[in-house]
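Let us take a walk through this structure together. Have the sequence and the coordinates open as you read.

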Amino acid sequence: MPISPYIDVILPLPLAGSFTYALPMAMGEQVSVGSRVIVPFGRKKFYTGIVQGFSPAAPKEYEVKEALCVLDSHPVVRHPQLKLWEWMSDYYLCSIGDVYKAAVPTGLKIESETRFEANPDFDAEDASTLPERELLIWQLLQTKGKLEAKEIEKETGFRSVPTLMQRLVERGAAIVSETIVDKYRPKREKYARIAFARADEEALRAAFAAVKGAKKQEMLLMTLLQLSGFTRAGVPVAEVTQQELLDKAQATTTILKALVDKGLVERYTKEVSRFAASQAAVSPLPALSDAQSEALRQIHSSFKDKQTVLLHGVTSSGKTEIYAHLIDYVLSQGMQALYLVPEIALTTQLTARLRAIFGDRLLIYHSKFTDNERVEIWRRLLRGNEPCVVVGARSAIFLPFAKLGLCIVDEEHDQSYKQFDPAPRYNARDCAIMLAHMHGGKTLLGSATPAVETYYKALSGKYGLVSLLERYKGATQPEIEIVDMAKAAKKKAIDASFADTTIAAVRQAVRDGQQAIVFHNRRGFAPMARCGKCQYVPKCQYCDVSLTYHKRANSLVCHYCGASYPLPETCPVCGEAAIDVVGYGTERIEDEVDRIFPEAKSLRMDLDTTRNKNSYENLIDQFSQRKADILVGTQMVTKGLDFGGVSVVAVVNADNIINFPDFRSAERAFCILEQVSGRAGRRDIPGHVLIQTRTPEHPVIQHVQAHDYLAFYTAEIEERRVFSYPPFTRLIYIRLKHRDERELDEIASLYADRLRQLFGNRVQGPAKPPVARVQSLFIRQIMLKVELNASMPKVKQILRDLYAHLRSTTPTLRSLILQYDVDPY
Ligand code: ADP
Ligand code: ZN
């Protein structure tokens with residue numbers, strides 16, 4: 001029974017609110033909240049929208065159009081998910097369409113511009129089973145290659161192209177075209193089986209008679225009987241792939257075809273999951289140490305009256321093992337769990353550990369997956385409600401869980417949980433807490449260096465707090481040595497970017513058969529090029545930043561927009577051949593390491609060496625199996641990785657990390673330094689960390705040396721209180737972007753003035769951010785500090801109204817881009 005003739009539909013567009021469509025009578029029965037519908041929007045465009053609800057009446061402001069069709073009778077977006085979307089759109093001041101866009105894979109939200117191609121795994125034989133119109137489209141794709149949905153519409157004249165495409169994708173005949181190199185598609189495998197009943201001995205005899213004299217056919221038949229265990233009573237018949245069969249029997253498809261034609265063998269095709277690692281669980285849960293068991297007990301008891309609990313466990317205390325126990329508990333209650341990690345590298349390391357415990361109840365999800373792979377995980381979660389645990393990076397919060405009992409956010413302090421661009425600019429940690437809440441589940445935050453806001457909430461009783469302050473098996477905290485680079489320079493005890501002390505420690509580790517990690521937070525070869533004569537520094541044409549020299553690519557690259565330029569041979573300003581590169585990036589550090597330690601093998605892990613899908617896995621495997629001695633890397637190597645052989649960690653330049661113009665710089669520096677130190681001495685060998693700096697007396701460095709989180713926190717929270725920064729207020733950055741700097745300055749000050757009329761001294765700015773132009777757009781930033789108990793929907797409404805008002809009165813505002821960043825990180 002249709003509840004109402006109108007539906008409210010969320011469209012993947014950055015427009016406020018949802019849109020009302022009329023529901024044709026015939027479609028009424030099939031629609032529910034969360035279903036996908038195809039609707040027209042704008043001139044000759046269609047989108048896949050999500051039904052947000054039913055509307056009793058047509059809106060008066062615009063003429064209501066009819067929805068074209070309903071794609072699913074079962075919702076693709078479940079109720080708690082929709083609730084999360086609504087919350088995100090309110091809290092992060094974005095449209096619900098922005099959230100939808102980020103949340104759902106392209107393959108589930110086909111629109112006019114979606115490009116398709118034929119799936120090469122799908123052949124003419126498969127195609128013969130397609131209905132007529134689908135077959136025509138498939139043939140079109142075969143001959144024309146990639147086509148947009150609207151082009152297919154034009155070529156065929158069919159009116160229901162989106163629906164047809166959806167079906168073709170579901171049948172594995174077409175795939176959504178992606179630009180990603182390492183593309184994956186629904187995987188289809190061909191199989192062969194005996195065509196008569198197992199019990200039919202008569203038929204078996206007849207079969208052999210039928211191939212008598214044809215040696216190769218007889219051989220093939222025998223092989224199939226054997227491989228499938230067809231004649232072995234009591235064992236189920238096994239599936240045999242065509243490939244395996246032909247390989248074993250050393251036969252060709254022609255011979256197989258002969259058997260098919262004689263009616264003895266059948267061929268069939270099946271879509272196999274590429275995630276069908278289908279391993280059964282092999283390991284029991286790890287037995288916990290006394291300290292770990294006590295922490296687990298406290299977490300359970302804390303969950304009785306807190307929705308969120310912080311586990312403050314020092315590095316290598318065995319947080320992962322505690323998580324495993326909690327996950328196991330949740331699964332045994334018939335519920336699902338989400339395990340968030342900040343880096344894809346960590347999913348790689350965890351997969352092996354957790355696969356052994358949870359078998360194929362473990363799913364992985366992150367941004368290196370192609371759209372096709374994401375669709376497959378969505379479908380799996382939509383199909384069944386069975387208990388499973390998903391390990392993933394931040395986008396995993398969007399998956400369609402049926403009954404989420406627990407969210408774990410590991411390394412909850414980590415910056416990579418924050419999505420910076422595009423909208424929604426959200427923090428996956430905070431969304432995970434909301435998501436668990438929407439499901440009536442719990443959240444466990446884990447960290448050795450909790451975010452200041454998180455620890456504050458734990459101390460004030462909003463979150464539960466459980467501390468685990470000893471390393472597993474009594475491993476000691478690594479010893480931290482502060483290397484004063486100014487002093488070393490004076491004594492000439494420096495080679496390139498390394499002090500002699502650091503070199504000696506790394507050399508000793510390698511000599512003793514142990515491993516070392518060298519951490520540096522800049523990628524590329526050198527962060528800057530410069531003319532030695534006139535000091536001219538080449539900058540990006542589109543952004544206000546100096547260019548990084550990449551030696552392997554032999555070019556200058558902008559790390560903000562990706563533009564690349566040749567390294568000039570002569571200075572374009574003074575004409576001298578004096579252009580040189582200045583400073584150190586990981587690429588150069590790796591070269592230095594190879595020169596200084598010729599006896600050692602090195603690896604590098606940074607954005608540039610991990611672009612391919614499996615590169616993380618390869619690097620981590622090689623280093624864990626001790627095929628290399630020294631791992632050079634950026635932030636990626638600091639987070640949560642567990643290598644048993646590492647005894648030495650060297651931080652090339654701590655000053656880079658400490659001197660960052662931001663209220664969070666001390667917190668960030670403490671986390672990074674403490675975390676990278678935590679990679680050393682994780683088993684029986686003691687760890688040794690060398691931190692190179694020119695400001696050895698800096699309080700952050702002192703706190704890290706003492707491994708004293710509480711001392712760091714106590715100093716930091718006082719600063720935040722005095723200057724009214726989070727957690728004492730909520731920050732919102734309003735970023736204004738424009739092509740014309742003069743116009744931007746005018747608009748920005750006008751905007752800030754109006755804001756001040758509304759919000760008073762809660763407004764600061766406009767100010768130039770550290771990088772004040774990116775991709776040809778100038779940027780200004782206004783900071784808004786609102787009280788913690790302020791209603792975000794209200795703030796959003798005020799900001800929306802102000803923008804609408806200014807737009808209608810100030811024509812230059814039309815080319816302004818306005819972005820809100822709530823809880824900037
Ligand atoms: P954290 O996440 O707290 O840094 P991990 O969970 O990675 O620590 O544990 C550190 C190391 O100690 C890992 O190699 C882990 O396998 C081992 N470990 C910790 N707890 C146990 C346990 N209960 N049983 C066996 N090994 C453990
Ligand atoms: Zn640029």
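What follows goes from the ligand site to the helices, the cysteines and a few backbone details.

A word on conventions comes before the tour. This is a predicted model, in which local features need pLDDT of at least 70, side-chain atom pairs count only at pLDDT 80 or more, and totals for chains, interfaces and linings use all residues. Residues are numbered from 1 along each chain as its sequence is written, chains are lettered from A and ligands numbered from 1 in the order in which they are written, and side-chain values use heavy atoms, with hydrogens and water left out.

Helices (H or I, at least four residues) and strands (E, at least two) are DSSP runs, numbered from the N terminus.

Which atoms make polar contacts with ligand 1? The term stands for a pair of N or O atoms within 3.5 Å; within protein, one must be able to donate a hydrogen and the other to accept it, and residues adjacent in sequence count only if both atoms are side-chain atoms. Ser316 places a backbone N or O atom 2.7 Å from an oxygen atom of ligand 1. Glu321 has a polar side-chain atom 2.7 Å from an oxygen atom of the ligand, and Arg682 brings a polar side-chain atom to 3.0 Å from a ligand oxygen atom. On its own, ligand 1 has 560 Å² of accessible area, of which the protein covers 86%. These areas come from the Shrake-Rupley method with a 1.4 Å probe, and for residues only the protein chains shown count as cover.

Next, look at some covered parts of the protein. Buried means under 20% relative accessible area, exposed over 50%, and partly exposed in between (1.4 Å probe, protein chains only). Helix α19, residues 586–596, is mostly covered, with eight of its eleven residues buried. Those buried residues are Thr586, Glu587, Arg588, Ile589, Glu590, Glu592, Val593 and Ile596.

Gln81 sits in helix α1, residues 79–91, and counts as buried at 2% relative accessibility. Leaving aside residues up to four places away in sequence, Gln81 touches Val76, Trp378, Phe398, Leu399 and Pro400, where contact means heavy atoms within 4.5 Å. Leu346 belongs to helix α13, residues 344–358, and is buried at 4% relative accessibility.

Another buried residue is Gln336, at 0% relative accessibility, in strand β13, residues 336–340. A polar atom of the Gln336 side chain lies 3.2 Å from the backbone oxygen of Glu386.

How many disulfides does the structure hold? There are zero, taking a disulfide as a pair of cysteine sulfur atoms within 2.5 Å. For Cys94, the nearest cysteine sulfur is that of Cys431, 9.4 Å away. Cys94 is buried, with a relative accessible area of 5%, and Cys540 is buried at 4%.

Finally, turn to the backbone. Most residues other than glycine have a negative phi, and most peptide bonds are trans. Asp421 and Pro422 are joined by a cis peptide bond with omega about -10°, and Pro422 is in the loop between β16 (404–410) and α15 (428–438). A cis peptide bond also joins Gly765 and Pro766, with omega about 10°; Pro766 is part of strand β33, residues 763–767.

Ser724 is not a glycine, yet has a positive phi of about 45°. Ser724 lies in the loop between α24 (709–722) and β32 (730–738) and is partly exposed, with a relative accessible area of 32%. Asp823, in the segment after β36 (817–822), has a positive phi near 50° and counts as buried at 18% relative accessibility.
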